[in-house]
Amino acid sequence: MGGSGFLQGFAMDSRVKDGIDQETVAAARALESENYRAGFSTDIETEYAPKGLDESTVRFISAKKDEPDWLLDWRLKAYQRWLTMTEPDWAMVEYDPINYQDIYFYAAPKAGAKYESLDDVPREILETYEKLGIPLREAEVLLGVEGAAETAAAAREPRRIAVDAVFDSVSVATTFRAELEKAGVIFMSISEAVHQHPDLIKAYLGSVVPQSDNYFATLNSAVFSDGTFVYIPPGVRCPMELSTYFRMNAENTGQFERTLIIADKGAYVSYLEGCTAPMRDENQLHAAVVELVALDDAEIKYSTVQNWWPGDETGKGGIYNFVTKRGDCRGPRSKISWTQVETGSAVTWKYPSCILRGDDSVGEFYSIAVTNGRQMADTGTKMIHLGKRTRSRIISKGISAGRSDNTYRGLVSINGKAAQARNFTQCDSLLIGGDCGAHTVPYVENRRADAQLEHEATTTKLSEDQLFYVRQRGLGEEDAVALLVNGFVREVLQELPMEFAVEAQSLLKVSLEGSVG
Amino acid sequence: MAPARGALSPTFPDASPAERALADRFMAGTVDGRRGRAFEAFARTGLPHRRLEGWRWTDFRAALATLAPVTATGHGQALPVADGAVTLRFSGEEIFLPDSLPDGLILHTKADAPALAGAEEAPMAALAAALAGRGTGPDTVILEVCGRVAEPVHIVCEGGGAEVNFARIAVIVRPGGALDLVESHLGGAGLSSVLIEIDVAASGQLRRTLSQRGDAHEAQAITALVHLDEGASYIQTALAFGARVARIETRLVHRGTGSAAVLNGVYLCAGGQHVDFTSHVRHGAPACTTRQVTKGAVLKGGRGVFQGKFLVPRDIGQHTDADMQHQALLLEQGAEVFAKPELEIYADDVECAHGNTSGALDPDMLFYLRQRGIPLTEARAMLTQAFIAEALAAAGGGTHEALSAAASRFLSGVSL
């Protein structure tokens with residue numbers, strides 16, 4: 001580590017493009033490994049499953065969670081399936097082969113998986129979340145986290161977030177449950193939900209991401225440890241933001257969480273996900289599955305600020321983030337919106353997707369992916385249009401620096417029955433320096449004559465027309481570019497709930513002035 | 001012989017009858033090392049199929065269950081080319097070469113196929129290299145362009161109803177040389193695969209214009225491997241009507257500073273017809289430009305595929321200026337358009353952009369024309385013709401009018 005990375009010599013180097021201001025350089029440097037603030041580890045006694053993976057590991061995890069037989073069978077079926085699969089290699093990422101026998105598939109802080117109250121949660125864990133700025137005490141939340149509100153009335157009401165904190169393989173605390181229950185909202189760890197709401201779990205688990213979907217999703221189905229379960233009953237607007245904070249702490253451990261969110265008819269929920277891990281020299285695997293189900297007229301807004309440890313600037317260590325996220329707009333007029341700010345992980349392989357099944361349903365994907373050092377990100381989305389008049393919108397911004405590679409990979413598929421479907425896709429890439437890569441791999445499949453699909457991608461400046469318009473209003477070229485570019489970035493950032501927008505901005509002060517041209 | 005057969009067996013564990021027939025054809029003649037390597041490269045994948053990333057929408061294996069003769073000897077007329085053009089005709093087992101050549105043009109034939117670089121990347125090209133001229137004619141026809149050749153060269157590929165038609169042609173443009181190359185790919189074989197290797201030396205110019213036709217019983221692959229040296233210019237225009245599967249693939253490398261390429265294409269697919277325009281452009285030298293416009297119009301039961309890729313390597317690709325546009329019209333329900341416009345960029349001081357749209361004709365435009373008294377069918381044909389015109393504008397060898405007319409005939413025959 002230290003400041004010997006590429007960006008160190010960057011400011012005085014000819015590779016700095018004209019127009020990239022010092023603020024950008026400084027901000028990019030701030031993303032360097034030495035500034036990874038979440039890189040500490042917590043010293044706590046941890047209980048592991050035996051290293052490696054075989055059928056007994058799956059049984060061990062299931063037994064730890066005291067699961068019913070049907071779920072154990074479900075896991076075992078996935079495990080058997082996984083044995084027949086091969087790891088995908090089509091993404092534009094390279095990493096050393098993963099030795100699945102050298103990983104702990106389960107790690108939990110000793111002294112119980114779930115704590116009755118926060119007072120029982122080990123001090124080390126509480127301190128960990130405190131250090132990360134994650135409010136686990138409801139009182140603190142009430143006092144501490146006040147977002148800038150849009151209306152005067154909202155400004156008087158402090159904004160609150162309910163948090164499910166997942167530490168390695170277990171959920172350690174879930175806040176505001178009582179208050180949420182009053183509204184009928186179920187917000188708990190998925191291991192609890194298996195016992196308390198087995199019908200919902202049975203009905204929806206694996207219904208969006210099937211067991212055999214892909215290599216990593218199948219692995220997750222076999223060994224998933226914990227995660228969050230959310231159910232919003234019909235017509236309920238969830239009274240507060242829900243959030244899960246994932247923390248990988250133990251060494252040589254994989255994290256395999258499973259999140260399931262169901263918004264029943266006419267319901268609304270905004271869900272936030274954050275993740276960090278200690279700085280370790282070895283690579284760690286994170287293979288999560290997230291399933292969202294939106295029934296008629298429901299809306300789910302899912303936001304992620306992904307800040308896993310990305311490895312140091314030589315490429316040592318870091319998280320392999322191989323995640324399957326998919327939302328199913330099952331009912332008419334439903335809406336699922338993914339917003340992600342990706343700054344972490346050594347290797348990212350992730351495509352939050354929407355299946356637009358219901359007529360008039362809407363899918364959105366807003367993404368900013370920043371790679372630095374030796375990071376590799378292959379990320380994007382899939383919009384599968386099945387229903388009539390379904391609409392989707394994809395806005396993706398990739399920023400590459402250091403020796404990293406950043407790929408947007410997306411699929412827009414219009415089924416033969418998706419009358420009058422519409423999609424708009426825009427992906428822009430910015431390269432900072434000459435040692436990184438920016439790639440765009442869109443797949444567009446259209447089977448409808450009345451569909452309208454537009455895709456734009458560029459590694460260059462803004463639309464001439466927009467520039468012309470702004471300039472003829474009297475702005476100089478620099479100001480015009482700054483205005484338009486900033487406006488565009490805000491378009492993604494403003495999709496984030498306020499609490500996350502602040503975090504994202506502090507992670508991401510890379511301004512886009514002087515975008516590569 | 002054994003090694004080639006050996007190379008075949010592990011990769012053809014469940015060879016289709018067509019693949020077996022191709023292997024038999026290969027084994028029937030003497031096997032030299034270069035042909036062997038080319039066939040090995042083909043055998044690695046066999047007939048390309050949908051499980052290969054670059055062929056997910058164009059499945060030759062599925063389209064070509066067996067190798068069989070076809071009833072059509074060819075489709076339509078060869079393009080009418082400017083006076084004085086010389087014609088090379090490749091028809092199934094026979095090759096017809098011109099008696100006299102214009103100034104500046106030298107024709108060579110080679111009986112031992114030259115090695116094919118990059119064969120692994122293009123299995124259908126490798127197949128052509130392995131099987132072209134098998135026993136009946138020269139393996140490779142080489143056109144050497146030593147000056148500015150005034151008359152176009154016309155290559156006509158017409159199978160005459162045979163099972164297969166393979167051709168391998170090399171065009172070498174010497175420094176400062178210039179040539180108009182016109183190609184008429186008329187089908188008329190169960191499987192046609194034509195490989196064209198083009199090398200344009202410093203300041204040389206090549207304008208390539210091609211038209212492709214086929215029917216629902218035929219599979220066609222036309223692969224061009226293009227290298228451009230410093231300041232060279234290459235302009236390609238293609239009009240394709242498709243076949244059961246038809247792939248027009250261009251793999252181009254900018255090898256010298258400041259070379260320029262234009263890759264334009266139009267596909268018009270009726271029911272049962274499939275066209276795949278695939279291109280791979282490597283900006284392997286600084287300050288090169290690529291302009292690519294592909295337009296398509298597809299009817300019910302037709303499928304248009306566009307796969308484009310710009311690869312800009314680190315350092316040497318600086319100051320690249322590249323633009324890729326693909327726009328398609330689905331003229332009827334039941335049409336399919338699949339696209340993958342791809343950018344892979346490792347240099348920071350470049351301008352690269354791509355755009356991709358697909359949809360129906362603008363109803364406002366249709367309304368405007370109709371309220372001027374133009375019948376709907378004609379209005380649609382006019383708008384579609386205007387939509388594709390840009391991509392045919394750079395056609396050479398006196399073929400522009402013929403290409404526009406061919407497109408127009410297709411569109412006016414469409415009653416929607």
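In which sense do strands S20 and S22 of chain A pair, and over how many bridges? I looked this up in a predicted model. S20(A), residues 391–400, and S22(A) run parallel and share ten bridges. I checked one position: Ser392(A) has Asn423(A) as its bridge partner in S22(A). I then looked at burial in S22(A), residues 422–431. Eight of its ten residues are buried, and the strand is mostly covered.

Next entry: helix packing in chain B. I took H2(B), residues 17–28, against H5(B), residues 123–131. Their axes lie 10 Å apart, at an angle of about 35°. H2(B) brings Leu22(B), Arg25(B) and Phe26(B) to the contact; H5(B) brings Leu127(B), Ala130(B) and Leu131(B). I sorted these by class and got five nonpolar residues, one charged and no polar.

Then H8(B), residues 400–412. I tested its length: 13 residues at 1.5 Å a residue should span 18 Å, and the end C-alpha atoms are 18 Å apart, so the two agree. I listed its buried residues as Ala402(B), Leu403(B), Ser404(B), Ala406(B), Ala407(B), Phe410(B) and Leu411(B). What covers them? Among the covering elements I found strands S9, S11 and S13 and helix H7 of chain B.

Last entry: nonpolar cores. The largest has 59 residues, and Ile169(B), Val171(B) and Leu206(B) have the most contacts inside it. Leaving out residues up to four places away in sequence, Val171(B) touches Leu143(B), Val145(B), Leu179(B), Leu181(B), Glu197(B), Ile198(B), Asp199(B) and Leu206(B). I also noted a second, separate core of 41 residues. Its members include Val236(A), Ala418(A), Ala451(A) and Ala339(B).

Methods
Residues are numbered from 1 along each chain as its sequence is written. Chains are lettered from A and ligands numbered from 1 in the order in which they are written. This is a predicted model: local features need pLDDT of at least 70, side-chain atom pairs count only at pLDDT 80 or more; totals for chains, interfaces and linings use all residues. Side-chain values use heavy atoms; hydrogens and water are left out. Buried means under 20% relative accessible area, exposed over 50%, partly exposed in between (1.4 Å probe, protein chains only). Helices (H or I, at least four residues) and strands (E, at least two) are DSSP runs, numbered from the N terminus. Two strands pair if DSSP finds at least two bridges between them. Axes are lines fitted to C-alpha atoms, for helices over the stretch in contact, and angles run from 0 to 180 degrees between N-to-C directions. Contact means heavy atoms within 4.5 Å. Ala, Val, Leu, Ile, Met, Phe, Trp, Tyr, Cys and Pro count as nonpolar, Asp, Glu, Lys and Arg as charged, and the others, Gly among them, as polar. The expected span of a helix is 1.5 Å times one less than its number of residues. A nonpolar core is a set of buried Ala, Val, Leu, Ile, Met, Phe, Trp, Tyr and Cys residues joined through side-chain atoms within 4.5 Å.
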